[in-house]
Amino acid sequence: MLMQMGRIYRALVSSISNTRVLDMYEEVSVGEKLTLMEEMFERKGECLFSELVRDGSKIDFVCAFMAVLEAVKFKTARIFQRRMFGDIKICRCRMD
């Protein structure tokens, strides 16, 4: 029984060591992406999702997506997508 537990533990450890872990200490945040989005709204009135993703890392992509969701949730932005898997157009909501 003890040998079986050891084999299971070694198999588990070896499978974990082969997986890639995201570096959560990169200097990217949802707040930074919200600020970037606001700057683009000031300049152009709209932006594309691809413009929010700067370095292409997974954490950069996730933070950009979370920022878009937050902006839509608080009704500061509207989103449009012309075709499936196409770029997402983000527009500032008008305050009436």
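Select Phe49 to start: at 8% relative accessibility, Phe49 counts as buried, where buried means under 20% relative accessible area, exposed over 50% and partly exposed in between, computed with a 1.4 Å probe on protein chains only. The model is a predicted one, in which local features need pLDDT of at least 70 and side-chain atom pairs count only at pLDDT 80 or more, while totals for chains, interfaces and linings use all residues. Residues are numbered from 1 along each chain as its sequence is written, and side-chain values use heavy atoms, with hydrogens and water left out.

**The aromatic rings**

Rings of Phe, Tyr and Trp (for Trp, its six-membered ring) pair if their centres lie within 6.5 Å, and planes under 30 degrees apart count as stacked, over 60 as edge-to-face and the rest as tilted. By this rule the count comes to two aromatic pairs. In one of them, the rings of Phe49 and Phe61 have centres 5.2 Å apart and planes at 85 degrees, so the pair is edge-to-face. This pair links distant parts of the chain, with Phe49 in helix α3 (residues 49–52) and Phe61 in helix α4, 12 residues apart; helices here are DSSP runs of H or I with at least four residues, strands are runs of E with at least two, and both are numbered from the N terminus. Phe61 is partly exposed, with a relative accessible area of 44%.

Now show Phe65 beside Phe49. Phe49 and Phe65 also form an edge-to-face pair, at 6.4 Å centre to centre and with 85 degrees between the planes. Because Phe49 lies in helix α3 and Phe65 in helix α4, the pair ties together parts that are 16 residues apart in sequence. Phe65 is partly exposed, with a relative accessible area of 38%. Ring pairs thus link Phe49, Phe61 and Phe65 into a cluster.

**The nonpolar core**

Next, select Met37, Phe41, Cys47, Phe49, Leu52, Val68 and Ile90, which touch the most other members among the 15 residues of the largest nonpolar core. Such a core is a set of buried Ala, Val, Leu, Ile, Met, Phe, Trp, Tyr and Cys residues joined through side-chain atoms within 4.5 Å. The elements that give two or more residues to this core are α2, α3 and α4. Centre the view on Ile90 and list its neighbours: leaving out residues up to four places away in sequence, Ile90 touches Met37, Phe41, Glu46, Cys47, Leu48, Phe49, Leu52, Val68, Ala77, Arg78 and Ile79, contact being defined as heavy atoms within 4.5 Å.

**Where α2 meets α4**

Select helix α2 (residues 30–44) together with helix α4 (residues 58–73), which pack at an angle of about 65 degrees with their axes 8 Å apart. These axes are lines fitted to C-alpha atoms, for helices over the stretch in contact, and the angles run from 0 to 180 degrees between N-to-C directions. Val30, Lys33, Leu34 and Met37 on the α2 side meet Asp60, Cys63, Ala64, Met66, Ala67, Val68, Glu70 and Ala71 in α4. The residues of this contact divide into nine nonpolar, no polar and three charged; Ala, Val, Leu, Ile, Met, Phe, Trp, Tyr, Cys and Pro count as nonpolar, Asp, Glu, Lys and Arg as charged, and the others, Gly among them, as polar.

Leaving aside neighbours within four places in sequence, Lys33 is in contact with Val28, Leu52, Val53, Arg54, Asp60, Cys63, Ala64 and Ala67. Move along α2 to Glu38, which is found in this helix and is partly exposed, with a relative accessible area of 35%. Glu38 and Ala71 are 33 residues apart in sequence and 9.8 Å apart in space, C-alpha to C-alpha.

**Two loop residues with positive phi**

Most residues other than glycine have a negative phi. Select Lys75, in the loop between α4 and β2 (77–80), where phi is positive at about 55 degrees although the residue is not a glycine. Lys75 is exposed, with a relative accessible area of 62%. Go on to Phe85, in the loop between β2 and β3 (89–92), where phi is near 70 degrees, again a positive value in a residue other than glycine. At 75% relative accessibility, Phe85 counts as exposed.

**The whole chain**

Finally, zoom out to the protein chain, which holds four helices and three strands, running α-α-β-α-α-β-β from the N terminus on. Buried residues make up 26% of its 96 residues.
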